[in-house]
Amino acid sequence: MKNPIKTLLMVSLTASIVTSVTQADTLFWSTQAKPVEESQAMRDQVLANAGQAVDYQPSDPGPWLTRLNAELEAGKGTIGLLGALHGDFTSMNPDNLVDLSSVDLGSADVNKTFTDLGMLGTSEQKYLPWMQATYIMAANKKALEHLPDGADINALSYDQLISWSKNMAEAAGEPKFGFPAGPKGLKHRFFQGYLYPSYTNSVVRKFASDEAVVAWEKFRELWSYTNPGSTNFSFMQEQLLSGDVWVAFDHTARLANAFNQQPDDFIAFPAPAGPTGRGFMPVIAGIAIPATAPDQVAAKELVAHMLKPETQIATLRATNFFPVVDVELPADMPAAVRISGAAIATMSGSADANPGLLPAGLGDQGGKFNQVFVDSFERIVLAKQDIRAVLDDQKKALQAIMEKSGAPCWAPDAPSEGACPVE
Amino acid sequence: MTLILCVWVLLPIYLLIVNSLSTPEEVIAFPKRFFPSFNVASLEFFAGFSGIVKALQSSIIVATITMVLSILIGAPAGYALSRFEFRGKTTFRVLILMTRAFPLPLLALPLAIMFIRTGLDDTMFGLALVHTMLALPFSVLITFSLFSGIPIELEEAAWTLGCNRVQAFTKVVFPLILPGITASAVFAFVISWNEVFAASVLTIENRTLTAFLLQSLDVSPMHLKFAGGFVLVMPALIFIFAVRKYLFSMWGIANR
């Protein structure tokens, strides 16, 4: 047994030394398009014709940031291009990102709102938008017969959603509404971008208002008709496909498989509305070049490639994230794109639409900001604590975060001088 | 009892295999089928997944280096702990355990900076060093108890018959503890095989299979989770199967 091991050790040592020398591919270091099928599609369909060799490596936000910080600190890097969510970039020091205003975007007409977000409060283009998504509702067609009388699926209110869920629970004998409250679920986005704007027309200012108490009461009611397994659900497409859940709220990319695998069984529709409108928020992913990128010219060429209209369409097919540049979508898009695209259009075009913006200016407090909403959810809904007491308590944490970061209010909150106040 | 233990270990592996050989529809269906439909589409996906063969190679190489290093360093330390009295012995034993007291996400940043500066970054050898550090406490403590289980009189007898210290070790003690060494080698191998965080921070081109797949799998659809799990588990199972006779002999089952 000894000799083969010796040989293997020699071989592996040699191999590890040899393989570590070469490589000039641009490393695309991303927190997005992580599922294996999506990363495969990114490599085969989006990056294959980039005009240069690209090594696409998706990873969890933890290792993503650690690696990046290590390279920045060491002053020497291998990462050529960063792909991440708006929130990931806001928590970084903007000085570590290269100015992208010199990138030749050609004919691509990039969304102005998103480009402005990419300045990260500086005068330079720190990141460029890469792709966008949002959160919508999805339902199994089986659920439609239980819709309450007079309810229009494209203009539901939260009250109607609650009675719908109640009807389904009674008909099926078990709760059939699903909510991504699992460890990797995006529940905090529902509270920040949907529930609060719909009930308080605010996220920060009226965090602990009487209207917010009503909102949480409504959500608690909805929760009583929600599949209790929801605290374990992170990608609602799975539970929709397995039939554990008939109606669900989630990120468009996390519903896509349900639409693609059984396009005839599922429909998409807008998020419900509350007293202050139909709150919803976008998800924006961006691309940036770290200051330590080994070949900035190649990286900038790759940025330009990612924003070409045809690349944006290929990206949509690969990831179910929508383009951030003006494009004419071809007719043969996957079912998920057609189905969710229509629902998004209905949602943003609805008379009571109340679009919010992503939290901005929070810097490294972004994670704590999310935690305030997650904690409130766990205490109010799971631990059944008194809503008023919990909100008054969490309000202090939120206030401290806003003051520490100095972030001004963003829509739907009214603009503020200085840090957004929690009233 | 044996039956329960067998089911305990084999049932998950069996379900993993059944589900990796099923179509996506069958995977989410309930009740589960007990016999697979031998649909290999999910597994084929991984066969064609770019970079997977290279990642598998890296995993095997890193795990092998880890295994060898942790035995080469761990066994002498275990021997010293069991045979010699020296000052600070207890402290030393606690210190060995302390290496496991710091979570990797905490260590990874300074390690990565140091690796980038020294050129160890993105090498399999560098990653194997980190994994060796993780595996060492186990190999030291396992070999320590192994050596302690072998009476010093056996060695003394060898000395009186003309062996020197080294010969007594290689001719008498080593054959006796070989199964135990194998066990601790298997441990080191598995620790390296399963480690994700350091691997995904410290390697890019030379990613191990676990780092390459695991972060993507937890957000992938169910049928690919099963197939990916299968791809991750099989090589490790094959390895353990290959060294089983050394393990069996440790538990007193006849050598086969």
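## Helix H2 of chain A

In this predicted model, helix H2 (residues 36-46) of chain A is mostly covered, with 8 of its 11 residues buried (under 20% relative accessible area with a 1.4 Å probe, protein chains only). Helices here are DSSP runs of H or I with at least four residues, and strands are runs of E with at least two. The buried positions are Val36(A), Glu38(A), Ser39(A), Gln40(A), Ala41(A), Met42(A), Arg43(A) and Val46(A).

## Architecture of chain B

Chain B contains 13 helices and 0 strands. Its C-alpha atoms fill a box of roughly 70 × 50 × 25 Å along the principal axes. Of the 256 residues in chain B, 48% count as buried.

Contacts (heavy atoms within 4.5 Å) in chain B between residues at least 6 apart in sequence join residues at least 24 apart in 70% of cases.

## Surface of chain B

Chain B exposes about 12600 Å², of which carbon and sulfur atoms supply 75%; the area comes from the Shrake-Rupley method with a 1.4 Å probe.

## Confidence and conventions

The model scores ipTM 0.83 and pTM 0.83. Mean pLDDT (the predictor's confidence in each residue, from 0 to 100) is 86 for chain B, and 96% of its residues reach 70 or more. Among the elements of chain B, helix H4 (residues 52-83) has the highest mean pLDDT (92) and helix H13 (residues 244-250) the lowest (68). Where pLDDT is low, the predicted coordinates should not be read in detail.

Residues are numbered from 1 along each chain as its sequence is written, and chains are lettered from A in the order in which they are written. Local features need pLDDT of at least 70, and side-chain values use heavy atoms, leaving out hydrogens and water.

Conventions:
Predicted model: local features only at pLDDT ≥ 70, side-chain atom pairs only at ≥ 80, totals over all residues. Buried < 20%, exposed > 50% of the residue type's maximum accessible area, 1.4 Å probe, protein only.
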